[in-house]
Amino acid sequence: DAPTDAPTDAPTDAPIAVTAAGGDQSEITIDLSDLPDEVADEILDAVGEGGSGLGGIGGCFSGDNMVMVQSNGKRESVAMKDLQLGDYVQVSKEKYEPIYSFAHHNSDATMDYIQVNNQVTLSDNHLIAVKDRGFIPASMLEVGNVIFADGNKKQEERVNKIESRTATGLYAPLTPSNTIVVSGYLASCYVSLQVKKTSDDTTRADIVQVQGFSTGLSFHFLSSIVQLPHRMACYYFSECKEEQYSEDGISTWMTKPKALFEYVTAEANPFITAMLMTALIPLFALLGFVFAIEQSMNFWMVTALVVTLLFAGRRHLVVKIKSA
């Protein structure tokens, strides 16, 4: 099961876990001892609070969306609000996979959503599949764009209506394929963590930007890699039958990585950003390597690879920030 967040009033000499994981862990440590105290404290404050750390960003589907669920050889349409961990949901044409986690699960919250073609209702920063553009935030959709019906990339359908509506419930199921078919349309399990703050803002909501510079990486791709340890823990190795969420309904697996992302990409000064990015390169390189194998091999081959990594002492990779 996902661990609880570290207390927010922990002393500064205590290591702070940025990516949640369970069991025995190997660590990549970022040592802040050589930095001025005020700079080290700034980083610790940014990632050690355990909240969403995203200025209110929370991408989800509303509870009244419908999802196809397969059970005992039968398929039925189930409301998003009624989905449970372990349910086999449609992730593409004729393909069903279990929900191994919920990135966001809040049945009480009400918020403004975007509704597309009178069917799928999603937050403005949730990613949806669009022909020739990959996965983009709903806020970037335009009438005339081509989206994919029934999870089938050969079954194209034009966007003919985009409107705002208020709905109840915030849900973001996670699947091993990182996709899910919601109310008939193919969508990502993930969101964009960058939004335009003003009409003149040049921030691209579909591509990860660091300190105003484009990385060329889509949020769907980066999120799929970052979530690999979570997938390994709750899908390949075991089932996380119980989860813990923040007061806003965000999974404890997500809170600190999101807070760190926001800090590194927008709030930190360039020196701190460069230092952290350099320290994280080995982690992302390893995750990217395993992710590439995961996408090209079957379940058992991936499992064999990960078991090998476990014996090599790399179980449930974690990034920790440590001050001396």
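**A strand and its partners**

Modeller: Start with a facing pair: Ala187 in strand 15 has Ile180 opposite it. One caution before going on: this is a predicted model.

Strand 15 runs over residues 185–191. It has a partner in strand 14, residues 179–182. The two pair in the antiparallel sense, over four bridges. Together they make a hairpin, with two residues between the strands. Look at Ser183 there: its phi is positive, near 50°.

Strand 15 also pairs with strand 9, residues 126–130. Here too the sense is antiparallel, but over two bridges. Val191 in strand 15 marks this pairing, with His126 opposite.

Is strand 15 buried or exposed? Seven of its seven residues are buried, so the rest of the structure largely encloses the strand. Cys189 is a case to check: its relative accessible area is 3%, so it counts as buried under the 20% cut-off.

Now step back to the whole protein. It has six helices and 18 strands. Of its 324 residues, 51% count as buried. Take the contacts with a separation of 6 or more: residues 24 or more positions apart account for 68% of them.

Other cysteines deserve a look. Cys60 is buried, with a relative accessible area of 0%. The structure holds one disulfide. Which cysteines form it? They are Cys234 and Cys240, with sulfur atoms 2.0 Å apart. The angle about the S-S bond is -80°, and the link is left-handed. Both Cys234 and Cys240 are buried.

Move to Tyr235 and Tyr236. The count of aromatic pairs comes to one. It is the pair of Tyr235 and Tyr236: their ring centres are 4.9 Å apart and their planes stand at 65°, so the pair is edge-to-face. Tyr235 is partly exposed, at 24% relative accessibility. Tyr236 is buried, at 11%.

Next comes helix 5, residues 270–296. Its 27 residues should span 39 Å, at 1.5 Å a residue. The end C-alpha atoms are 36 Å apart, which agrees. Still, helix 5 has a kink of about 40° at Ile281. Helix 5 has a list of buried residues, among them Leu276, Leu280, Leu283, Leu286 and Leu287. Val290, Phe291, Ile293 and Glu294 are also on that list. In general, an α-helix has 3.6 residues a turn, so residues three or four places apart point the same way. Keep that in mind as you read down the list.

Finish at a loop. Lys161 sits between strand 12 (156–158) and strand 13 (162–174). How exposed is Lys161? Its relative accessible area is 34%, so it counts as partly exposed. Leaving out residues up to four places away in sequence, Lys161 touches Gln115, Val116, Asn117 and Asn118.

Notes. Residues numbered from 1 in each chain as written. Predicted model: local features only at pLDDT ≥ 70, side-chain atom pairs only at ≥ 80, totals over all residues. Heavy atoms only, no water. Disulfide = S-S within 2.5 Å. Buried < 20%, exposed > 50% of the residue type's maximum accessible area, 1.4 Å probe, protein only. Pairing = 2+ DSSP bridges. Expected span 1.5 Å × (residues − 1). Bend = angle between axes of the 7 residues up to and from the residue. Phe/Tyr/Trp six-rings, centres within 6.5 Å; stacked < 30°, edge-to-face > 60°. Contact = heavy atoms within 4.5 Å.
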